[in-house]
Amino acid sequence: NVAFCAHTILNKREVMAVKDTWEDERFRENKLVTHPPFLRFYAGAPLVSPEGYHLGTFCVEGPDPRPEGLTVEQTEKLSEFAARTVELLVKRREKLGKKATSSPEKAEADEGLRHHAGVTTNLGGLMYNLGEYVTAMKLFQESVQTLMLVEEEAPRHRPSPERQEEMSQLLTILGAETNTLDSRKTCTAILKKLVGTTGETQSSHNLEEAHHSMPSSIIPGLYQQDSNLKGTERRELAGLIFSEPFRVTVNEESDTDEHFIIPVPEGSKATLFNMGMIHYHWGNTDAAMQFFDLAASLSQRQSPLAFDPVILGSRNNMAQIHLQFRRTNDAMELLKDALARGNAALASVYANDNGDWQHEPTGNGAARRSRRLRRKLARTVLNLGHVHFINCEYDAAMAACHDALRLLHTNKEDAEVAAAYHNIAVIHYHKGNKTESLACLDQFVEHAKRIVGPDHLQIAEAMHRKGEILYEMGHLYDSMKPLNEGLRIRRLRLGKNHTSVAESLCLIGKVLVSREEYDFGLNAYLEGISVHRSIAGSDPLSFDVAQNLLDIGRVFQIQGNLREAIKTYEEVIDLTKKVFGENHPFVSRLHNIVGNLCLEEGDIDGSMKSFDAAVRILTKNKIPFNLNVVQDPL
């Protein structure tokens with residue numbers, strides 16, 4: 001009585017369309033209409049076998065009514081899709097029939113291939129977590145190719161039994177809790193030799209440091225904020241909110257209800273998802289989108305609204321990529337779909353508890369499934385909040401973060417809780433609530449230290465942000481402690497020559513100068529600019545760096561070192577011209593500053609040259625100006 005498709009099947013061979021379920025007495029009280037997914041439109045074509053049996057339907061459904069119904073062309077397309085589906089089902093039946101009559105040896109060999117595919121997927125996930133992305137990709141490719149061999153009647157190029165056994169042993173060693181750094185290094189070297197990546201450039205070469213940079217060792221879902229100082233270094237892509245690689249069951253003891261683990265028969269979708277993450281890490285966002293989309297499409301084996309963790313992860317990661325290019329509408333559509341699936345799945349978990357989601361559900365394994373599902377849904381809700389944040393809908397973004405916290409009410413140690421506090425802090429800052437922002441940043445740091453450790457880069461970012469807010473509030477002495485802590489962690493994790501280190505140094509310089517500690521402030525500024533110069537090499541510095549050079553020039557000016565001040569301002573002029581053009585009014589302003597300093601130095605020619613350049617720019621832009629007559633023997 002609940003299924004829409006039952007009515008379609010009884011409708012013989014015709015397409016059935018329900019324009020508005022609220023207006024159709026057959027469906028207005030249907031649970032699929034009054035509860036998630038809140039269907040308002042349905043259209044389906046029956047799947048009829050060549051023998052005349054009604055197998056099911058090919059249907060489309062949605063949350064919005066369609067008063068106009070389907071066009072003739074759309075009705076024909078739906079029928080064509082249904083007919084094509086029946087053709088594929090017939091072919092599959094024939095193929096399964098052949099497999100059923102195949103030899104026991106062939107069946108045993110196919111089972112071995114599926115096991116090997118799962119092993120290579122899991123080894124690829126471990127290599128991904130260690131930053132060996134090329135090796136991981138090779139292993140994922142081998143997994144997909146191995147599964148393709150199962151479909152062949154007489155497959156060639158099967159992986160040898162020796163190779164299968166060796167990889168299984170490596171997975172056992174690497175997956176053991178007692179495995180050491182030396183064993184990881186040895187196994188990684190053997191794996192690289194097996195897949196042919198020995199000597200190829202990888203993304204990480206130091207296994208001791210890999211833990212702090214690998215995507216699965218970060219707090220996902222943090223709102224990204226552009227830094228004021230990034231220099232010429234390539235800006236990193238934001239970490240994916242679903243950044244953990246999926247694993248595949250390879251033995252009977254594996255817990256298929258685990259957070260990110262997939263049964264062997266469905267291993268291909270997990271592998272494709274993992275390949276998408278590597279492409280994203282490499283900066284190939286288009287390829288990543290294609291792999292995530294393919295993984296999601298393979299997951300839809302039942303109803304289009306069926307829940308699957310691969311679909312949820314794929315939809316969220318695709319939405320996040322859309323957000324990075326400010327495609328908020330596309331992102332919202334994907335997240336609504338993911339949320340509808342997740343809500344329906346969560347409702348089914350609590351079905352025996354009268355929907356009391358404020359407490360853990362009862363039943364065999366229900367509490368564990370609920371916690372894992374609520375974590376995934378919390379990430380989706382955080383992503384929805386990110387859409388609102390980018391659209392400057394701060395109240396809606398704040399509500400989304402609090403909704404995520406409510407979903408995690410019994411999971412206070414989860415990374416998603418820390419992410420929610422971080423994002424609330426960011427939203428408060430953008431709303432001008434700096435005191436509230438600081439309080440939430442403190443909560444984020446408290447949670448994050450327990451999750452990723454006290455010396456993680458995300459802690460450094462939060463400490464830097466805290467120091468920056470305190471500086472803006474005028475708390476010049478209080479700001480130094482978090483800024484120095486952020487600098488310490490950044491140097492520890494990134495080394496001395498990194499733009500984030502330079503960012504910390506320049507902000508510390510700004511604070512010290514504001515405290516009138518000019519010598520210390522100037523030293524911090526100059527050290528930061530020196531880092532930028534070493535990174536940029538022969539390339540020009542960015543205009544963001546030029547703003548700090550402007551501050552350095554002011555410090556030289558305050559100290560009476562006019563020659564160094566002029567030299568610094570002239571460098572800022574060159575950088576400004578490259579960014580805004582030679583006739584920008586700001587260039588004129590800088591020329592005027594240099595002209596006055598030259599005048600103080602007694603450099604009449606330099607002064608006249610700078611004033612002349614300023615006047616020419618103002619005249620060209622038709623900006624009025626006053627000529628100050630200087631009555632002086634000079």
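The legends below describe close-up views of a predicted model. Local features need pLDDT of at least 70 and side-chain atom pairs count only at pLDDT 80 or more, whereas totals for chains, interfaces and linings use all residues. Residues are numbered from 1 along each chain as its sequence is written, and side-chain values use heavy atoms, with hydrogens and water left out.

**View 1. Helix H10 and its cover.** Helix H10 comprises residues 285–299; helices (H or I, at least four residues) are DSSP runs numbered from the N terminus. Its 15 residues reach 21 Å from first to last C-alpha, close to the 21 Å expected at 1.5 Å a residue, the expected span being 1.5 Å times one less than the number of residues. Buried residues of H10 include Thr 285, Met 289, Phe 291, Phe 292 and Ser 299. Buried means under 20% relative accessible area, exposed over 50%, and partly exposed in between (1.4 Å probe, protein chains only). The cover of these buried residues includes helix H9 (267–281) and helix H11 (309–324), where contact means heavy atoms within 4.5 Å.

**View 2. Aromatic pairs.** The whole structure holds six aromatic pairs. Rings of Phe, Tyr and Trp (its six-membered ring) pair if their centres lie within 6.5 Å; planes under 30 degrees apart count as stacked, over 60 as edge-to-face and the rest as tilted. Phe 273 and Phe 292 form a tilted pair, 5.2 Å centre to centre with 50° between the planes. This pair links distant parts of the chain, with Phe 273 in helix H9 and Phe 292 in helix H10, 19 residues apart. Phe 273 and Phe 292 are both buried. Phe 389 and Tyr 394 also form a tilted pair, because their ring centres are 5.9 Å apart and their planes lie at 50°. Phe 389 is buried at a relative accessible area of 9%.

**View 3. Arginines over rings.** The charged end of Arg 40 sits over the ring of Trp 22, 3.5 Å from its centre. Arg 379 lies over the face of Phe 242, at 5.1 Å from the ring centre. A charge sits over a ring if NZ of Lys or CZ of Arg is within 6 Å of the ring centre and within 35 degrees of the ring normal.

View 4. The 16 residues of helix H17 (residues 457–472) should span 22 Å, which agrees with the 23 Å between its end C-alpha atoms. Helices H15, H16, H18 and H19 are among the elements that cover its buried residues. Just after H17, Gly 474 takes a positive phi of about 90°. The side chains of Glu 468 and Arg 465 meet in a salt bridge at 2.9 Å, N to O; a salt bridge is a side-chain nitrogen of Lys or Arg within 4 Å of a carboxyl oxygen of Asp or Glu. Glu 468 and Arg 465 are three residues apart in H17, so about one helical turn separates them. Glu 468 counts as buried at 11% relative accessibility.

View 5. Glu 503 forms a salt bridge with Arg 490, the closest N and O atoms being 3.0 Å apart. The two lie in distant parts of the chain, Glu 503 in helix H19 and Arg 490 in helix H18, 13 residues apart. Glu 503 is buried at 7% relative accessible area, and Arg 490 is buried at 0%. Glu 517 and Arg 515 meet in a salt bridge at 2.9 Å, N to O.
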